[in-house]
Amino acid sequence: QVQLVESGGGLVQPGGSLRLSCAASGFTFSSSTMRWYRQAPGKDRELVAVISTAGGSTNYADSVKGRFTISRDNVKKMVFLQMNSLKPEDTAVYYCEVSRYGIEYWGKGTLVTVSS
């Protein structure tokens, strides 16, 4: 079955960096577009970044452009989110997501807290 397991969250000061990881299993990772979402307290879940199957195409939410970088390793079946210049408004639970045959699969998320 499809499994997505996020890791790498934590508490970081404004201006700091974190690298999130998502380990995937149970599906053909190399042929799947992968996405990172986040959900801040009291807000809707929002799409943060998308990466194509081979990693050649990426897209970002305007709020994170120039600060976040999505990447993937198709051998290790992992997707990453490098987050730099973090701001308090980046505080959220971050989720890895994949859609297969019209069904969305989500990990349990990893909490990122940006605070001094």
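I started at Cys96, which is buried, with a relative accessible area of 0%. I kept in mind that this is a predicted model.

Next I looked for the partner of Cys96. Cys96 forms a disulfide with Cys22, and the two sulfur atoms sit 2.2 Å apart. I then checked how many disulfides the structure holds, and the count is one.

I placed both cysteines in the fold. Cys22 belongs to strand E3 (residues 18-25) and Cys96 to strand E9 (residues 92-100), so the bond ties together parts that are 74 residues apart in sequence.

Is Cys22 buried or exposed? I looked it up: Cys22 has 0% relative accessibility and therefore counts as buried, the cut-off being under 20%.

I also read the torsion about the S-S bond. For Cys22 and Cys96 the value is about -85°, so I logged the disulfide as left-handed.

Then I turned to Arg72. I found this residue in strand E7, which covers residues 68-73. Arg72 is buried, yet I found no salt bridge for it. Which side chain of opposite charge is nearest to Arg72? It is Asp73, at 8.2 Å. A salt bridge needs the atoms within 4 Å.

What does the side chain of Arg72 reach instead? I noted two backbone oxygens. That of Phe29 lies 2.7 Å from a polar atom of the Arg72 side chain. The backbone oxygen of Thr53 is reached by the Arg72 side chain at 3.2 Å.

How values were computed:
Residues numbered from 1 in each chain as written. Predicted model: local features only at pLDDT ≥ 70, side-chain atom pairs only at ≥ 80, totals over all residues. Heavy atoms only, no water. Helix = DSSP H or I, 4+ residues; strand = E, 2+ residues; numbered from the N terminus. Buried < 20%, exposed > 50% of the residue type's maximum accessible area, 1.4 Å probe, protein only. Lys, Arg positive; Asp, Glu negative; His and termini not counted. Polar contact = N/O pair within 3.5 Å; in protein donor to acceptor, adjacent residues only side chain to side chain. Disulfide = S-S within 2.5 Å.
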